[in-house]
Amino acid sequence: MVNKVTRQKASHQVLAQLKAGISDGTFPVGEKLPSENTLAEAFGVSRVPVREALGILEVSGIISSRQGGGHRVEQHSLLSQYQPLVMEIADPDEVEALLEMREVIEQQAARMAAERHTDEDLLAIEQAFNDFERCTLDDGLIGHRQDYLFHRAIMQASHNPFFVQILDNMHELYLGVLVYSLSRNLGRQAERQRVIDEHQRVFLAIKARDPQAATAAMQNHLSNVRGKLRRLDNEELG
């Protein structure tokens, strides 16, 4: 049913086999997937790459979380055509290109949000931050959706609709990178708190209508993300 995978890009190989199993009916629509522990044992990997792969399938709508734990395969009419860009997220050049684009757009979005936000915009950013903090403090959750929505709320507060359109057009790759990065923080509460603090500094600078501080806070956050992903790539390929 499944094949043992190598350490290199393990989450990608797990994802590919899960996709194939869902497509060919090994994992039928409407049925519950095996547990993370069972899948990890079958693939010959730890739970981390399994969790990453499941997270990508979940944000793509192919599986859903079940109350009480586990995942169920959902009906997905585009499954046979699903070719997620996130399969390439461990490619250093692609990750670097994505982060370059994020730095250009999101620093500017943070600056503009500090200058232009309405009370309603600020409430949306604050709610998104609170949701992200809550999920991040729960070590059983990755928090990728909440992270995505936080950054999206800032782009909306910039009142430049093209920022939001660009983000939504590339949400699959963006979410994939978030899953890849944030899932590595599971069990590392100090690292998870650091990420919360970085998001909070961005929010507070926007709230204070301080465009320079908002730009600097976003730049610091994304610079740390870039450094972390470089380290992860070196560890996985080394």
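The largest pocket has 22 lining residues, and E58, S65, H71, G140 and L141 are the ones nearest its centre. This is a predicted model, where local features need pLDDT of at least 70, side-chain atom pairs count only at pLDDT 80 or more, and totals for chains, interfaces and linings use all residues. Residues are numbered from 1 along each chain as its sequence is written, and side-chain values use heavy atoms, with hydrogens and water left out.

A pocket here is an open set of points on a 1 Å grid over the protein atoms alone, where a 1.4 Å probe fits, with protein on both sides within 12 Å along at least five of seven lines; lining residues have an atom within 4 Å of a point. The space in the largest pocket comes to about 500 Å³, a volume being what is filled by probe spheres set on the points. Helix 3 (47–59) and helix 6 are the elements giving two or more residues to the lining, with helix 3 supplying the largest share, five residues.

Now for helix 6 and its partner, helix 9. Their axes (lines fitted to C-alpha atoms over the stretch in contact) come within 12 Å and cross at roughly 20°. That makes the two helices roughly parallel, a label for angles under 35 degrees. The crossing is left-handed, meaning the near helix is turned anticlockwise from the far one by less than a right angle.

Contact means heavy atoms within 4.5 Å.

| Helix | Residues | Residues in the contact |
|---|---|---|
| helix 6 | 144–157 | D147, F150, H151, I154 |
| helix 9 | 189–207 | H199, V202, F203, I206 |

Terms used. Axes are lines fitted to C-alpha atoms, for helices over the stretch in contact, and angles run from 0 to 180 degrees between N-to-C directions. Helices (H or I, at least four residues) and strands (E, at least two) are DSSP runs, numbered from the N terminus. Angles under 35 degrees count as roughly parallel, over 145 as roughly antiparallel, 65 to 115 as roughly perpendicular and the rest as oblique.
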